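Hello,

Here is the structure I said I would pass on. My notes on its charged pairs follow below it.

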Amino acid sequence: MVGPPLDDFGLNLTKSVVRHALRTRAVSALGRSILAMRRNAFSLRSTQAVAEFALEETVRAFNGKAPTAWTSAFAPSELLRGMGLTLFSPEAASAVLSAFGLATQMLGVAEAHGHSRDTCTFHRAAMGAHIEGIFPRPDLLVAASHLCDGAPRLFCSIREVMAHREEDGPHRKAGGKDRKAEGNGADSGSPVDAPPSYPPFYLLDIPWGDTGRDAVRYVASQLESLFHDLAQRFRLPGDLERVKEAIRLSNEARKWAVAANELKRLSPCPVTAREVADYVYVLFIGFGSEEAVRIYRTLYEEASARAHRSGGQGVEERCRILWLHLRPFYAGRLWTYMEETLGARIVFDEFSNIYWDELDPDKPFESLAVKALSHPGHGPIERRARTVLRLAEEYHVDGVIHFSHWGCRQSSGGALMIKDYLKEHGVPMLILDGDCIDRRNYAEGQAMTRLEGFVEMLA
Amino acid sequence: MRDKLVGWTCTYIPEEIILAAGLRPVRLLGTQEPVRVADYLVPSNLCPYVRSIIDQVSSVRPDGVFVASSCNAAEHLIDALRRQFSDIFCHLVQVPRIRDTGAISYYEEQIRLMIRVIEDGFDVKITPEALKNAISIVSCIKNLLHRAYDLLKRPEPAITGGRYLRMVEMAMTADKAQAARELKDTLGGLAVEPEGPATAQEDPRPGRPRVFLVGSLCPISVVDVIEESGGVVVGEELCAGSRYFLTDDLPLSVDGAWPSGDSAWFSGDGACGQGLKAAGLGDIDIDDIIRYLAARYLAKEPCARMQDSGERYSRLVERIKALNADGVIFYVLKFCDMYLYEYPILQGRLDRLGIPVILLEGDYTAGGIEQARTRIGAFIEMLDSRRI
Ligand code: SF4
Ligand code: SF4
């Protein structure tokens, strides 16, 4: 997640080096020097800014000046940022571990603790890293039930590990000490037999495919309770104005992201998915921050400058591809091979899709509820398939590739039906099996052969 | 003409609605054989229960199916059914994952929606009377199952785990009147004293290792293998087992009589306030009934998909301890994230108590169970050696 994988650069980071570095204040210096060393690896300034943002957020999570919330993908970052929390995305951090060449070790740790090799490796690697103490300690856990089942289950397990870890000391920050920390949704007065110092776990229940009034009300009321509960528990200001401000910033970032996406329709595409893959970090935890605004504005400016410069010349675009789901984050040649050898340019990817409408700062809970409920992947397969078809048309693609990440029931579970739907509409789709995090689960040679065949067919 | 069959997939779905519409609710339990149709719709690394249901629907052709939003696999199930069987009525029931008042209100709306779609889809009208009657019938069945479970839980079980789970399966799939009759006959035939030790009509096998079973969907043949290997199943927490009928507020006193429509059944209600209690079954209106159903279903013993901050495991461990189980068998279907994540949690808690546990992963077919026989045998043997 910090540009091309680090082992491409011959950096041999061992687990103990990283753990030591991260546990001390040296994290910032280490990260910055890595980024400085790798400056040339970033073809876009905005992409480098993403790496810096991820690093700074992680440093903040370790410094612990504000409570750190671990959040699942698509949890409402605007609300939590507006409350002054530091956010940490274990799923995105697993991608970083994979890029650092550390994921396999972390997966091994989780597996040795009974975690099945069939679960999603974004979560399993995070579990291993948590057991090893590599990740910052969460003060609270917030999972949204969209998109997948893995994150809520992971967070429940993380809490359990913390509750029963013998060496677990008292809570290191103010707040949360004086009460049991159940989180939400449980029966009042349920017995909790673990010490009160471990983090509360909040699950936001996002109904699947229901965008009606009742669903909006249901989700909005959960967000509102979360807001009040956190304000009280962590003695935060509980000032709705700051949440509204975060929503304005989110809208601003959204505006630049949409504008940058517009440019990707051009041929040749000024910025391909290969360059913006790491933006999932911003998507997961950045919206609601000033950094996200800066990152997307810079991306837009860079894409627009390139579009003017190239004027359609100099880049071979044998065929245009829409990529569904994520890509492998460890070292590998898949995307480079596709673009540079086969001339197949990934002009758009599913995670760049800005699927939600502008939020209303005056209705923070309601508009965040609508945003959550409107995710194309969280509803009937036709909803996602229609979105994919629309993207295929808007970005003038010749074919679609779905990367079927082994443990992902949410995305991979629907791949065959999407392929079928697209076929009915004359759009070819290839399903590539693999794993985004675990190189043990991926045969690159085989994937490349299949890609070659697909591109031949398209071109 | 056969009854109209309407399948349901998850114990959070109130089958009372189907029954009140004059249709026959049937729990879909899949073919439990290698699949054919499902392979065209969903990948092989998706829940085998869900895959098996796709094939079951293809062969049984029910008139309707209610799928709960239990998990990602179940969401793909509704998509697959709609795509493949456009002539079959299919509806997704949104089941909340939390249990507070907001969730109950939302679930109420989902039950109302269930009523509307079933009325439209089958051209029927669900009256308050029909709904009350359906609630009484289902309650009667669940109370009988509760009694069967009590037999299993005794110090010397008066029934085998296999027989007990077959009773639960029958109750979920057979015509309800027939199910109630059969349950009463079976329970009567066991001639169990209400107090004191059970009359051991079935071999109680004293002294054998006592096993508690946890998991999602577990084929009954797994239980047979456990019992053939010398274990006694003394309790379970399974999706096609106690999770069907265990509710915090379920009254234990019902004698299994066919409901006459009186309000005794409601007397144990703690979930939806005084209003219902005072009103009694005869007077309450449809809104109260729906609210009651929503509250009651969400008050069920929570399964792994529900928001949990450790309570589920505390309660589970308490149940296991209370039954003096010598060991726990954790049976999980392959690719079921909900339960795969649960295993390390439970294992950790049981380890601290010195209660052995093994994980069995299954593909929901008979072939897979035979492979597990050796492991089950070795586990039971180990438990046995610890008892001496
Ligand atoms: S890859 Fe799939 S299972 Fe894993 S975190 Fe993403 S949506 Fe969830
Ligand atoms: S067995 Fe697991 S994966 Fe399958 S439907 Fe049930 S909870 Fe979902």
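Arg265(A) is partly exposed, at 30% relative accessibility. This is a predicted model. Arg265(A) pairs with Glu394(A) in a salt bridge, with 3.5 Å between the closest N and O atoms. The two partners come from distant parts of the chain, 129 residues apart. Glu394(A) belongs to helix H16 (residues 381–394) of chain A. Arg265(A) is in the loop between helix H10 (240–263) and helix H11 (273–276) of chain A. Glu394(A) is also partly exposed, at 22% relative accessibility.

Next, a pair that crosses between chains. Glu160(A) and Arg349(B) form a salt bridge at 2.7 Å, N to O. Glu160(A) sits in helix H8 (residues 150–164) of chain A, and Arg349(B) in helix H13 (residues 342–353) of chain B. Are these two side chains buried or exposed? Glu160(A) has 9% relative accessibility, so it counts as buried. Arg349(B) has 7%, so it counts as buried too. The cut-off for buried is under 20%.

Chain B has a pair of its own. Asp287(B) and Arg112(B) meet in a salt bridge at 2.9 Å, N to O. Asp287(B) is in helix H10 (residues 286–298) of chain B and Arg112(B) in helix H4 (residues 101–122), so the bridge ties together parts 175 residues apart in sequence. Asp287(B) is partly exposed, with a relative accessible area of 40%.

There is also a network. Salt bridges with shared partners join Arg153(A), Glu237(B), Arg243(B), Arg312(B) and Glu342(B). Over all chains, the structure holds 52 salt bridges.

Best wishes

Definitions and conventions:
Residues are numbered from 1 along each chain as its sequence is written. Chains are lettered from A and ligands numbered from 1 in the order in which they are written. This is a predicted model: local features need pLDDT of at least 70, side-chain atom pairs count only at pLDDT 80 or more; totals for chains, interfaces and linings use all residues. Side-chain values use heavy atoms; hydrogens and water are left out. A salt bridge is a side-chain nitrogen of Lys or Arg within 4 Å of a carboxyl oxygen of Asp or Glu. Helices (H or I, at least four residues) and strands (E, at least two) are DSSP runs, numbered from the N terminus. Buried means under 20% relative accessible area, exposed over 50%, partly exposed in between (1.4 Å probe, protein chains only).
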